[in-house]
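This report walks through one protein model, feature by feature. Keep the sequence and the 3D view open as you read.

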Amino acid sequence: MTSAASPQKNEAGKTEVGSYFISNYPPYSQWSKDRLPEVREALHSEAKEDTPLGLYLHIPFCRKRCKFCYFKVFTDVKAPEVQRYVDALCNEISMVSQLEVMKDRPFRFVYFGGGTPSFLSPKQLTKLADRLHQHITWDGAEEVTFECEPGTLSETKVKTLRDELGVTRLSLGIENFSDKLLEENGRAHLSKQVFNAWEWITAAKFPNVNIDLISGMVGETWENWKVNVVKTLELSPESVTIYQMELPFNTVYSKDMLGNKVESPVADWQTKRDWVQYAFEEFAKHGYTVSSAYTVVKDPSKVNFSYRDNLWQGADLLATGIASFGHASGVHYQNVAELEKYLGTVESGELPLGRGFVPTEHQKLVREMILLLKRGFLKTDYFTNKFGVDIVHQWRDVWDGYVKDGLVTIDGDEIRLSIEGLLRVDSMLPAFFEPEHQGVRYT
């Protein structure tokens with residue numbers, strides 16, 4: 001069984017089927033329905049700690065399903081089906097707004113994710129905003145993020161996002177500028193739509209516009225990758241996020257590899273890392289700063305990744321929508337992942353909770369440590385003050401091994417990744433997992 005730790009065994013080799021990117025701990029495969037009583041208790045009790053609060057809204061619709069996509073998405077949906085979902089989402093948020101865990105707490109960050117949130121029409125977005133504001137407000141939020149697919153945007157829709165929803169961070173999923181590669185990988189948009197959308201986005205004056213790229217899309221070459229970097233620099237976004245393509249079990253590519261026993265069509269890990277390193281270096285020449293293993297920013301004093309940074313430090317996140325993940329007073333939970341079950345549960349007046357996990361203090365420590373390491377550094381006194389643990393002493397053998405391999409340096413109270421460590425950080429994280437969580441399937 002492919003596990004979260006498997007990429008370590010194949011460091012520079014082929015991109016095989018299995019999860020690589022780590023976004024939580026313990027692994028999702030360890031969550032269960034049995035822990036839902038504790039989840040409900042956490043949601044129906046006042047927050048245990050004075051932690052920041054965020055809201056996640058999942059819009060699961062797309063024009064097409066990308067061949068590398070592993071999210072819960074639906075295509076070929078009709079307007080009444082979309083409206084039924086939006087109505088259910090609003091009703092769920094109405095229930096969430098009355099939970100004790102909220103208790104007059106303001107939202108520090110809000111995230112509209114997908115799927116493709118920009119799949120919704122301007123009219124649907126306006127109605128969604130109006131319905132949401134009947135129950136909650138995010139006027140004082142540091143960051144309101146909205147994910148977009150270029151081909152779904154119009155001038156009216158972009159203005160609606162800025163003026164009606166108060167979006168402060170627009171994340172544009174370009175992925176690649178080559179129409180040939182976009183079509184090969186099943187993307188719904190083409191490059192012309194990127195440049196059309198960019199004019200509207202620039203005119204709307206979002207505080208932060210992020211461009212998403214993917215290193216290692218099927219068909220990628222060095223020549224094409226360099227063109228992607230040049231074209232992104234020409235647009236000059238406030239931030240750029242670059243993911244290395246992986247192949248979790250439920251992608252089109254993965255099913256083809258497993259079912260037909262074909263070779264991996266994705267570039268090997270070392271090649272993908274070389275492409276990311278090249279991009280980082282080129283962006284640095286133009287004044288950008290590396291902010292994490294995936295992100296560069298033009299002006300660190302201006303760009304604030306509130307969703308990322310707060311979530312990685314244990315913030316509460318109220319998750320809404322099908323299959324979305326949340327955290328409340330340290331307890332993890334996920335909504336049900338079946339559409340009819342989600343809709344029926346909400347329409348019956350109940351929260352659509354699917355499974356949960358109650359982490360120990362040690363597991364909370366591991367989670368924060370591995371996620372914060374993705375920034376490229378750790379301050380050991382942060383963990384000493386918060387958890388009473390010396391993380392260097394706790395994992396001395398692991399750190400010593402990474403220092404020996406040139407992936408990490410330790411100087412005083414700071415642990416810092418080398419560029420090689422930063423580029424492969426997700427493969428390094430399972431070494432900190434508890435024994436029972438090493439070698440298990442991640443999702």
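## A tryptophan and its partner

Trp-222 is partly exposed, with 38% relative accessibility. Here buried means under 20% relative accessible area, exposed means over 50%, and partly exposed lies in between (1.4 Å probe, protein chains only). Trp-222 also has a ring partner, Tyr-278. Rings of Phe, Tyr and Trp (its six-membered ring) pair if their centres lie within 6.5 Å; planes under 30 degrees apart are stacked, over 60 edge-to-face, and the rest tilted. By this rule there are 26 aromatic pairs. The pair of Trp-222 and Tyr-278 is edge-to-face, with 5.7 Å between centres and 85 degrees between planes. Trp-222 sits in helix α7 (residues 222-235) and Tyr-278 in helix α9 (residues 269-285), so the pair ties together parts 56 residues apart in sequence. Helices (H or I, at least four residues) and strands (E, at least two) are DSSP runs, numbered from the N terminus.

## How to read the model

The model is predicted: local features need pLDDT of at least 70, side-chain atom pairs count only at pLDDT 80 or more, and totals for chains, interfaces and linings use all residues. Residues are numbered from 1 along each chain as its sequence is written, and side-chain values use heavy atoms, with hydrogens and water left out.

Which residues do ring pairs link into a cluster? They are Tyr-28, Trp-31, Phe-325 and Tyr-442.

Charges also sit over rings. That requires NZ of Lys or CZ of Arg within 6 Å of the ring centre and within 35 degrees of the ring normal. Lys-272 lies over the face of Trp-269, 3.4 Å from the ring centre. Arg-375 does this over Phe-377, at 4.2 Å from the ring centre.

## Cysteines without a bond

How many disulfides does the structure hold? The count is zero. A disulfide is a pair of cysteine sulfur atoms within 2.5 Å. For Cys-66, the closest cysteine sulfur is in Cys-69, 6.0 Å away, which is too far for a bond. Cys-69 is likewise in no disulfide, and its nearest cysteine sulfur is that of Cys-66.

Are these cysteines buried or exposed? Cys-66 is buried, at 9% relative accessibility. Cys-69 is buried too, at 11%.

## Backbone exceptions

Most residues other than glycine have a negative phi, and most peptide bonds are trans. Some places here depart from that. The peptide bond from Tyr-25 to Pro-26 is cis, with omega near -5 degrees. Pro-26 belongs to the segment before α1 (36-43). Gly-114 and Gly-115 are also joined by a cis peptide bond, with omega about 10 degrees. Gly-115 is in the loop between β2 (109-114) and α3 (122-133).

Now look at phi. Asp-104 is not a glycine, yet its phi is positive, about 65 degrees. Asp-104 lies in the loop between α2 (79-97) and β2. With a relative accessible area of 78%, Asp-104 is exposed. Lys-205, not a glycine either, has a positive phi of about 60 degrees. Its loop runs between α6 (191-204) and β5 (208-215). Lys-205 is exposed, at 64% relative accessibility.

## Empty space

Rolling a probe the size of a water molecule over the atoms shows where empty space is left. On a 1 Å grid over the protein atoms alone, a cavity is a set of points where a 1.4 Å probe fits but cannot get out; a pocket is an open set with protein on both sides within 12 Å along at least five of seven lines; lining residues have an atom within 4 Å of a point. Grid points are joined across faces, edges and corners, and a volume is the space filled by probe spheres set on the points.

The second largest pocket holds about 330 Å³ of space. It has 17 lining residues, and Glu-49, Gly-314, Gly-330, Lys-364 and Glu-368 lie nearest its centre. Helix α12 gives the largest share of this lining, four residues. The whole structure has one cavity of 30 Å³ or more. The largest cavity holds about 50 Å³. Its lining includes Leu-43, Glu-92, Tyr-333 and Asn-335. At least two lining residues come from each of α2, β9 (316-320) and β11 (331-335).
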